[in-house]
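Where do the nonpolar and aromatic side chains of this chain gather?

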Amino acid sequence: YSYGSMIGAAAAADIPECIGYVMLGPPLDYAWALYVFNSSSLTAKAIDSEGRPKLLVVGTSDQFCSESSFMRFHDSLPEPKQCVVMDGMDHFSIFKRLTNVLKTWVSEAFGVRDLEAFAQK
């Protein structure tokens, strides 16, 4: 979530066992400062994710990530990927609708009927 979403996405490129990742409210508009001028390197690693399912979630009222920045980043990622833009949600409220989004994404991205089946896979 937030700061950690970019760190986790970048780390996923270096973890062979990683099968995909989720980015929740990535603070893309402030990445230059938050990641101590290292955002280009982290972004490049996050993009190095071909073949791994990715889910990106942001709210239309996110204080740290505009929809245009979010969509530009999303468009730079290789498939498979999915983005969810939650209408009226800000950086701190996207969790209110997250449970069903995650359940649906896991089922679709990994071809399982539910979370229990995913855990047994």
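## Nonpolar surface patch

Helices α1 (3-12) and α2 (31-34) each supply at least two residues of a nonpolar patch. This is a predicted model. The patch lies on the surface and consists of Y3, I7, Y30, W32, L34, V36 and F37. Together they have about 770 Å² of accessible area.

I7 sits in helix α1. Its relative accessible area is 33%, so I7 is partly exposed. Y30, at 40%, is also partly exposed.

## Nonpolar cores

The largest nonpolar core has 18 residues. Those touching the most other members are M6, Y21, M23, A46, L56 and F73. At least two residues come from each of α1, β1 (21-24), α3 (39-47), β2 (54-59) and α4 (67-76). The largest share, 4 residues, belongs to α1.

Beyond its neighbours within four places in sequence, L56 contacts M23, F70, F73, H74, L77, Q82, C83 and V84. A second, separate core holds 14 residues, among them L24, V84, V112 and A117.

## Aromatic pairs

The whole structure contains 7 aromatic pairs. One of them joins Y30 and F64 edge-to-face, with 5.9 Å between centres and 70 degrees between planes. Y30 is in the loop between β1 and α2, and F64 is in the loop between β2 and α4, 34 residues apart.

F64 is partly exposed at 28% relative accessible area. F64 also pairs with F92: the centres are 6.1 Å apart and the planes at 90 degrees, so this pair is edge-to-face. F92 lies in the loop between β3 (81-86) and α5 (98-110), so the pair ties together parts 28 residues apart in sequence. F92 is exposed, at 54% relative accessibility. Y30, F64 and F92 form one aromatic cluster.

Conventions: Residues numbered from 1 in each chain as written. Predicted model: local features only at pLDDT ≥ 70, side-chain atom pairs only at ≥ 80, totals over all residues. Heavy atoms only, no water. Patch = residues over 30% accessible without salt bridge, like charges linked within 9 Å, V, L, I, M, F, W, Y side chains within 5 Å. Areas by Shrake-Rupley, 256 points an atom, 1.4 Å probe, with all protein chains shown as cover. Salt bridge = Lys/Arg side-chain N within 4 Å of Asp/Glu carboxyl O. Buried < 20%, exposed > 50% of the residue type's maximum accessible area, 1.4 Å probe, protein only. Core = buried A, V, L, I, M, F, W, Y, C linked by side-chain atoms within 4.5 Å. Contact = heavy atoms within 4.5 Å. Phe/Tyr/Trp six-rings, centres within 6.5 Å; stacked < 30°, edge-to-face > 60°.
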